[in-house]
Amino acid sequence: MPQNSGVTASSLPLGPRTVLFVGAGVSAIAPASLPGWGALNDAIARALVSRIEEALGKPGQLAGVADWLANERSAGRFPPEYQAQLIEEMCGERYFRALQALDVAAANGAHIAIARLAAAGRVRAIVTTNFDRLIELSLTALGVAHDVSRFGDEFTSAGERLRAGAAAALPVIKIHGCVSELHSMIDTLKQR
């Protein structure tokens with residue numbers, strides 16, 4: 001909801017029982033401009049190809065590999081979570097440390113609109129697949145108390161509080177984890 005759209009939190013057909021489901025598209029908008037998984041996996045593939053060429057001392061030797069991977073992925077034969085699995089098996093925990101680069105502080109209009117809806121009492125919970133913390137930063141900026149769940153026990157506790165109607169703070173349920181907690185992030189085929 002852009003700031004000049006004429007849409008306000010009170011004009012939306014949302015009630016206090018509304019659960020927002022938020023995906024990567026929200027954080028792709030400027031100024032956050034975080035890449036979606038396709039773009040991120042393309043960048044990773046191109047970086048790996050470049051490093052291999054550099055190690056071999058043969059620039060341009062593998063020029064078509066990254067494009068081939070992108071074509072395979074777009075044809076559904078090499079999904080991003082499979083590529084992530086291969087990289088994680090080669091790099092281990094360093095793969096997830098690299099994903100922590102997504103921890104930026106450039107919230108956009110969509111993050112702010114979500115926080116405004118929450119501040120207006122129009123949202124019961126937020127469920128997101130995003131690793132970034134831009135929703136949480138926007139909630140904090142507007143003074144909205146929130147409780148972030150990133151894995152197992154936290155998910156269970158948040159669910160219990162919601163069912164009991166005892167959620168004092170807005171639950172933000174990050175089903176793929178969060179950049180702030182390295183071991184909470186879920187991106188590989190085995191994890192999913």
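Predicted model: local features only at pLDDT ≥ 70, side-chain atom pairs only at ≥ 80, totals over all residues.
The lining of the largest pocket divides into 11 nonpolar residues, 2 charged and no polar.

**Largest pocket**
- The lining is made up of 13 residues.
- I44, A47, L48, I87 and A98 lie nearest the centre of the pocket.
- Two or more lining residues come from each of α2, α4 (80-91) and α5 (93-99).
- Helix α2 gives the most, with 5 residues.

**Second largest pocket**
- Here the elements giving two or more residues to the lining are α2, α3 and α4.
- The lining residues are A45, L48, V49, I52, L62, V65, L69, F78, Q83, L86, I87 and M90.
- By class, the lining holds 11 nonpolar residues, 1 polar and no charged.

**Packing of α2 and α3**
- Helix α2 spans residues 37-56 and helix α3 spans residues 65-74.
- Their axes come within 9 Å and cross at roughly 155 degrees.
- That angle is over 145 degrees, so α2 counts as roughly antiparallel to α3.
- The crossing of the two helices is right-handed.
- From α2, the contact is made by G38, N41, D42, A45, R46 and V49.
- From α3, V65, A66, D67, L69, A70 and R73 take part.
- The residues of this contact divide into 6 nonpolar, 2 polar and 4 charged.

Methods. Residues numbered from 1 in each chain as written. Heavy atoms only, no water. Axes fitted to C-alpha atoms, helices over the stretch in contact; angles between N-to-C directions. Helix = DSSP H or I, 4+ residues; strand = E, 2+ residues; numbered from the N terminus. Parallel < 35°, antiparallel > 145°, perpendicular 65-115°, else oblique. Left-handed = near helix turned anticlockwise from the far one by under 90°. Contact = heavy atoms within 4.5 Å. Nonpolar A, V, L, I, M, F, W, Y, C, P; charged D, E, K, R; others polar. 1 Å grid on protein atoms, 1.4 Å probe; cavity = no way out; pocket = protein on both sides within 12 Å on 5 of 7 lines; lining within 4 Å.
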